[in-house]
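Please look over the sequence and the structure before reading on.

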Amino acid sequence: MKGTDSLRRGILFLVIAVLAVLLILSPFLLSSYLIHILILIFIWSAITTAWSYMGRFGLVSFGHGSILGIGAYTTALLFNYYGLSPWIGMFIATLMAVLFFTGLGYCCFRLGVAGHYFAITTLVEAMVINLLIINFRDFTGGSLGLTIYPLGTAPLFFQFESKTYVYFISLLFLLLTLYIWKKIDRSNAKRALIAIENDEVASSSIGIPIVKYKTVVTAISAFLTSIGGIIYAQYMMILHPDAITGLHVAAIGVPFKAILGGIFSLWGPLVGTALYTGLEEFFRVAYGTRFIGWSMAVFGVVFIILIIFLPRGLYGTLDQIFQERKAFKADKHSTIP
Amino acid sequence: MLILNGLVNGLLYGGLLALLAFAINLIFGVLNVLHLAYGQCVMIGLYIIYVLTILLHIPFIISCFVAIVALVGLNILIHVSVVQPLLKTPLLNQLIALAGLIIVLENVALGIFGGDYLGFNLIFPAFAIGEVYIRISMLIPFLCSLAALAILWLFLHKTYTGLAIKAVVQDREMASLVAMNTKQIYLITFAIGGLLAGIVAACFAPIYVVHPHFGLAFTLTAFVTVVLGGLGNLLGGFIAAFFIGIVSQIGAIIFTSEIGEILVYVIFILIILFRPQGLLGVKVRSA
C-alpha cells in the first residue's frame, strides 16, 4: 500500500503547487474585473469561515454585521477625522468590535441565553449598530454612506490603486482563517464545544467550562470577522450601513454562503461563497435587470431544498461520501490481506 | 402636548404590534420554530391588496378578504414544504431555511413589482380631542386588531381545537401521549398564523407604503414584544406591545426615530439577559 500512498501524496503536492502558481500568477494575467470578483470571494470566504467557527458548534449568530460595522466604520472614521493610519486604527476598531460582540456574548453564555434566543439577540445587536450608524448621520454619513478620503497609492494608509496588492492581502487573510479553522478542528476545544452543543448541562457536570470555551470561540470569530470587514472597506473605499451591517448582507448572506458549501468542512464556506458570488455576478452580467429578483428567488428555493435534503452542504456532502468510501476501502484492505 | 400625542400614537401602534406579536408567539409556542419570514408574508399580503384595489379596482374590504385567504394558503404551503420536513433537524437548519424563505419571498416581490414604493392612496381624515390628533387610519386598524385578538382569545379558551393548541404549547410530548394529533395542530397553527398575517396586512394597508424589503424589521419588533411579554403568555404579550409602541413613539419624538428603535432593542437585550421569562411570564422548563 505504501506505493499508492506516496503516489497519492505526490499528486496532491503537484495539485497544490499548480494551484499556488495559478493563484500567484492570476492577478497579472486576468482582467481587473475578474480580479475584483476573486478579491470579493476571498474576503467574504474569510468572513464566512470565521462565522462557521461559531456556526458549526450550534452558536448561530446573525449578528456578525455588528462586528463588520464597528470594525469598518471605526477604522474609516479614525482615518477621515483624525488622520490615523488604518493599520493602527485596525487594532482599536477590532478591539472595540471584539469587546462589544464578545462582551454581550459572554453575558448571554453566562446567563444561559442559548438557541433561538441567542440568535435573535445577535440579530438585534446588528440592528442596533446599523441604526446607530444611520442615526449619527452628521458624523458617519448615515444612509448616504461614507467615503474614505482617497490618497492614491499609500501603503502606509492601507490604500492601493492597483488591485494586485489587495488581492494578495485578502488571499493571505483567507489562508489565515483556514489555518485557524484547522487549528480549532484539531484542538481539545472542538470536542468540548461539540459536547456542549449536544448537552450543555451534561457537559458542564463533567467539568467542561462551557462559558470559557464559547466565549473564546466567539472572540476568535469576531476578531477575524472584524479584520475581514476592515479589508473589505479599505478595498471598496466606500461604506454604507446597509452594505456592511445590513441584515441581508451579514445576517442572512453570510450564514447562507456557509451553509451552501457546508459548515462542517474546511473548504465548505469557501466553496459556498465562490458559488454564490460567482452565480450572482453571472446572472447580473448575463441577464442584467431583466431577471432582477428572479435569479435570487430561484437561488433561495434551491437553497431551501438543499437544507432539507443535504444539510451538510454541497462540499460537505461530497466530502462525506469520499470519506466513507475511503473508510470502506481501508476496511476491506485490513480484513482481506 | 407633543408627548401626549406620542403616547396616543404609541397606544395605537401597540395595538397593531400586539396582533403581529401574537401570531409569532403562537407559532413559536406551538412548534418551537421561529417564523422569520412572517413579515414577508405580511408584505405579500400587502402586494395582493395593492393589486386588487389599485390595479383591478375591487373594493378594499373584498380584496382584504382575498388577501387573508391567500395568506392562509401561503402559510399552509410554507408549513408543508419547509417547516414540516425540518421539525426534527438542528436549530441552525430551521432558522436558515426560514431565512432562505425571506430571500425567496422578497425576490419574488422584487421580480414582479420592482423595487418601487407602492402606496394605497387611501385617505382618511384625522380628528382632534383637545390638542391630541388621532388619525382615523390608525384608529380603525387598532379597533380591528383588538377585535381579532378578542376572537382569538375566545377561540383559544372556549373551543376544543383552541384548548388542544394550548395543551401542545404546555407540553408537546404529553399532548401526543394523550392521542392529540400534533401534526394537525401544527398545521392549524400555521393556518391561524396566515390568517393573522392577512389581518395585519389589511390593517397596515392604510398606514404604510409597501416595498420588497418591508418585513424583517416588523418581524424583529414583534419578536421583541413576544420575549418582553413572556413566551406563551397572551396577556403579557398584549401589555408588552403597548409598552413597546409607546417607548418607540416617545423615543422618536424626544430624540429621532432611530433612537426610538434602538431603545426598544436595548430594552430587549436587557430583558433577555436578566429576565428571560418576560415581564409577566412564569419560569418554564427550558428545552
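Two residues are in contact if their C-beta atoms, placed from the backbone, lie within 7 Å. The model is predicted. In it, the cover over the buried residues of α3(B) includes α1 (2–31), α2 (38–55), α4 and α8 of chain B, together with α14 (294–309) of chain A.

**Chain B as a whole**

- Chain B has 11 helices and two strands, and along the sequence its elements follow the pattern α-α-α-α-β-β-α-α-α-α-α-α-α.
- The radius of gyration of chain B is 19 Å and the globule rule gives 19 Å for 287 residues, so chain B is as compact as a globular protein of that length.
- Taken along the principal axes, the C-alpha atoms of chain B fill a box of roughly 60 × 45 × 35 Å.
- Of the 287 residues in chain B, 50% count as buried.
- Among the contacts in chain B with a separation of 6 or more, 76% are accounted for by residues 24 or more positions apart.

**Chain A as a whole**

- Chain A comes to 15 helices and two strands.
- A compact globule of 337 residues would have a radius of gyration near 20 Å, and the 21 Å of chain A agrees with this.
- The C-alpha trace of chain A spans about 75 × 55 × 40 Å along its principal axes.
- Of the 337 residues in chain A, 45% count as buried.
- Of the contacts in chain A between residues at least 6 apart in sequence, 78% join residues at least 24 apart.

**Contact between the chains**

- On one side of the contact are 37 residues of chain B, and on the other are 38 residues of chain A.
- On the side of chain B that touches chain A, the elements giving two or more residues are α4 (91–113), α9 and α11 (257–274) of chain B.
- The most comes from α4(B), which gives 16 residues to that side.
- By residue type, the side of chain B that touches chain A divides into 29 nonpolar, six polar and two charged.

**Helices of chain B**

- Helix α3 of chain B (residues 60–83) has 24 residues and reaches 32 Å from its first C-alpha to its last, close to the 34 Å expected at 1.5 Å a residue.
- The buried residues in α3(B) include B:C64, B:I68, B:L71, B:N75, B:I78 and B:H79.
- An α-helix has 3.6 residues a turn, so residues three or four places apart point the same way.
- Helix α9 of chain B (residues 216–229) has 14 residues and a reach of 20 Å between its first and last C-alpha, close to the 20 Å expected at 1.5 Å a residue.
- Of the 14 residues in α9(B), 13 are buried, and the helix is mostly covered.
- After α9(B) comes B:G230, with a positive phi near 100°.

**Helices of chain A**

- Helices α3 (residues 64–82) and α4 (residues 86–110) of chain A pack with their axes 8 Å apart and at an angle of about 150°; the crossing of α3(A) and α4(A) is right-handed.
- Residues meeting in this contact include A:I67, A:I70, A:T74 and A:L78 from α3(A), and A:M90, A:A93, A:A97 and A:F101 from α4(A).
- The residues of the contact between α3(A) and α4(A) divide into 12 nonpolar, six polar and no charged.
- The 24 residues of helix α7 of chain A (residues 163–186) should span 34 Å at 1.5 Å a residue, and the 35 Å between its end C-alpha atoms agrees.
- In α7(A), the buried residues are A:V166, A:Y167, A:S170, A:L174, A:T177 and A:W181.

**Two residues of chain B**

- B:P212 lies in the loop between α8 (182–204) and α9 of chain B.
- B:P212 counts as buried because it has 22 C-beta neighbours inside 10 Å.
- Not counting residues up to four places away in sequence, B:P212 touches B:E106, B:A109, B:L110 and B:G115.
- The C-alpha atoms of B:P212 and B:L122 are separated by 20 Å, and the two residues are 90 residues apart along the chain.
- B:R275 is placed in the segment after α11 of chain B.
- B:R275 has 14 C-beta neighbours inside 10 Å and therefore counts as partly exposed.
- B:R275 and B:L228 are 47 residues apart along the chain, with their C-alpha atoms separated by 8.7 Å.

Note on methods:
Residues are numbered from 1 along each chain as its sequence is written. Chains are lettered from A and ligands numbered from 1 in the order in which they are written. This is a predicted model: local features need pLDDT of at least 70, side-chain atom pairs count only at pLDDT 80 or more; totals for chains, interfaces and linings use all residues. Helices (H or I, at least four residues) and strands (E, at least two) are DSSP runs, numbered from the N terminus. The expected span of a helix is 1.5 Å times one less than its number of residues. A residue is buried if 20 or more other C-beta atoms lie within 10 Å of its own, exposed if 12 or fewer, and partly exposed in between; C-beta atoms are placed from the backbone. Ala, Val, Leu, Ile, Met, Phe, Trp, Tyr, Cys and Pro count as nonpolar, Asp, Glu, Lys and Arg as charged, and the others, Gly among them, as polar. The radius of gyration is taken over C-alpha atoms; the globule rule is 2.2 Å times the number of residues to the power 0.38. Axes are lines fitted to C-alpha atoms, for helices over the stretch in contact, and angles run from 0 to 180 degrees between N-to-C directions. A crossing is left-handed if the near helix is turned anticlockwise from the far one by less than a right angle, and right-handed if clockwise.
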